[in-house]
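Me: I would like a close look at one part of this structure. Please take the salt bridges and walk me through them.

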Amino acid sequence: MKYTLDMLKNDMPPLFCERLDKIFLPQHRDNCFHSFYETKPTFFRVNTLLSKMELVLQKIKDEQIHFEIFPEYDNVFYVRPEFRDQLTHSQTFMNKLIYIQNLSSMLPVFALNPKPNEEILDISAAPGSKTLQMASLM
């Protein structure tokens, strides 16, 4: 279903809509509102603190979950929307061998590029996704 801009705005708090109206140029505002209703891929990374990447990726393949590699970063993968439920109910996910995380949440850690033996104070909000990601890179 294609939502009209008025329908989208009626679903959202008025103050939020007003703020978006101020932030986005008119030619980008409609795309912003529509993006809230788009079905998006589900991003995940391998929990290399618990297993090796090759083993985990093979397990995902064995569970017949079609995933793709996000080319810009190591250890970032995604599934199309039709595979999300299969991924979130997989043994690989249940055994914490993968961590589902928004790409936008992974990017700060890649920008930080933590190295072994560095000390980093993570004052980001819970639940600790970025901290675990940093630990796996360190």
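Reply: Let us start with E82. Its relative accessibility is 53%, so E82 counts as exposed, the cut-off being over 50%. Keep in mind that this is a predicted model.

What does E82 pair with? The side chain of E82 meets that of R80 in a salt bridge, at 2.9 Å from N to O. Salt bridges that share partners join E68, R80 and E82 into one network.

Now take R80. R80 is partly exposed, with a relative accessible area of 32%. Its side chain also meets that of E68 in a salt bridge, at 3.3 Å from N to O. Where do these two partners sit? E68 lies in strand β2, residues 68-69. R80 lies in the loop between β3 (77-79) and α5 (84-88). The pair therefore ties together parts that are 12 residues apart in sequence. As for E68, its relative accessibility is 26%, so E68 counts as partly exposed.

Why can such pairs form? Side chains of opposite charge can pair when their charged atoms come close.

How many salt bridges does the structure hold? The count is 3. One of them joins D21 and R29. Their closest N and O atoms are 3.3 Å apart. D21 is partly exposed, with a relative accessible area of 29%.

To recap the network: E68, R80 and E82 are joined by salt bridges that share partners. E82 is exposed, whereas R80 is partly exposed. E68 is partly exposed too.

Key:
Residues are numbered from 1 along each chain as its sequence is written. This is a predicted model: local features need pLDDT of at least 70, side-chain atom pairs count only at pLDDT 80 or more; totals for chains, interfaces and linings use all residues. Side-chain values use heavy atoms; hydrogens and water are left out. A salt bridge is a side-chain nitrogen of Lys or Arg within 4 Å of a carboxyl oxygen of Asp or Glu. Buried means under 20% relative accessible area, exposed over 50%, partly exposed in between (1.4 Å probe, protein chains only). Helices (H or I, at least four residues) and strands (E, at least two) are DSSP runs, numbered from the N terminus.
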